[in-house]
Amino acid sequence: FGDIMFPLNTVLGTMQPYQYIGHNYLPLTYVLLWPLRMFPAQTGALFAVFAFLVFMLCYTRINLKNIAGGGWAAIIFTFLCYPVFFLVERANVEMLLFALFTGFLLTYKKKFFYAAAIILAMLISQKIYPAVFLILFVKDKQFKPLLLTVLLSVGFFFLGLATLFLPLLI
């Protein structure tokens, strides 16, 4: 579980997130991992992986409900898919990104643009590359949700930054 241990140790307070050069997580990632503080680091990583696997199993089961043998297909596509295997083996924080991105796509597809904007802002506040999906709002001429996404992305970034460094200032 090498990939998730650095952010978890940061959340547990044993190291500072930006003490080392080359770290690739923005501050909101640490805030979203904060509930895992109630567990020791290894247990928190196992809990995150287990929660992701349950999410993936439910997600694939729902999407394969019209296929004969959909239950077995969901199990096979969940547990034998290379991206899922890689995320589980590394316990990568991208598990959280994938779950949020799925929520973004579902809300956007159902035309809940403001909910999609909030979720996309959370994604952008964790990694910068989901910002490419702002083009969807431009394509559909949804400029208010676009503006909301940009403003919330900046707000979530500074909220995460303030939450990380607030204990150091007190």
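Hi everyone. Let me start with a definition: a crossing of two helices is called left-handed if the near helix is turned anticlockwise from the far one by less than a right angle. Keep that in mind as we look at this predicted model.

Let's begin with two helices. Helix α6 covers residues 94–109, and helix α7 covers residues 113–124. Two packed helices are described by the angle between their axes and the distance between the axes. Here the angle is about 160 degrees, and the axes are 8 Å apart. Angles over 145 degrees count as roughly antiparallel, so that is how α6 and α7 run relative to each other. And here our opening definition comes in: α6 passes α7 in a left-handed crossing.

Which residues make the contact? On the α6 side you'll find Leu97, Leu100, Phe101, Gly103, Phe104, Thr107 and Tyr108. From α7 come Phe113, Ala115, Ala116, Ile119, Leu120, Met122 and Leu123. Sorted by class, the residues of this contact are 12 nonpolar and two polar, with no charged ones.

The largest pocket has a volume of about 310 Å³. How many residues line the largest pocket? There are 16, and those nearest its centre are Leu33, Leu36, Ala48, Ala51 and Leu96. Two elements each give two or more residues to this lining: α3, which is residues 41–63, and our friend α6. The largest share comes from α3, with five residues.

What classes of residue does the lining have? It has 16 nonpolar residues, with no polar and no charged ones.

Definitions and conventions. Residues numbered from 1 in each chain as written. Predicted model: local features only at pLDDT ≥ 70, side-chain atom pairs only at ≥ 80, totals over all residues. Heavy atoms only, no water. Axes fitted to C-alpha atoms, helices over the stretch in contact; angles between N-to-C directions. Helix = DSSP H or I, 4+ residues; strand = E, 2+ residues; numbered from the N terminus. Parallel < 35°, antiparallel > 145°, perpendicular 65-115°, else oblique. Contact = heavy atoms within 4.5 Å. Nonpolar A, V, L, I, M, F, W, Y, C, P; charged D, E, K, R; others polar. 1 Å grid on protein atoms, 1.4 Å probe; cavity = no way out; pocket = protein on both sides within 12 Å on 5 of 7 lines; lining within 4 Å. Points joined across faces, edges and corners; volume = space filled by probe spheres on them.
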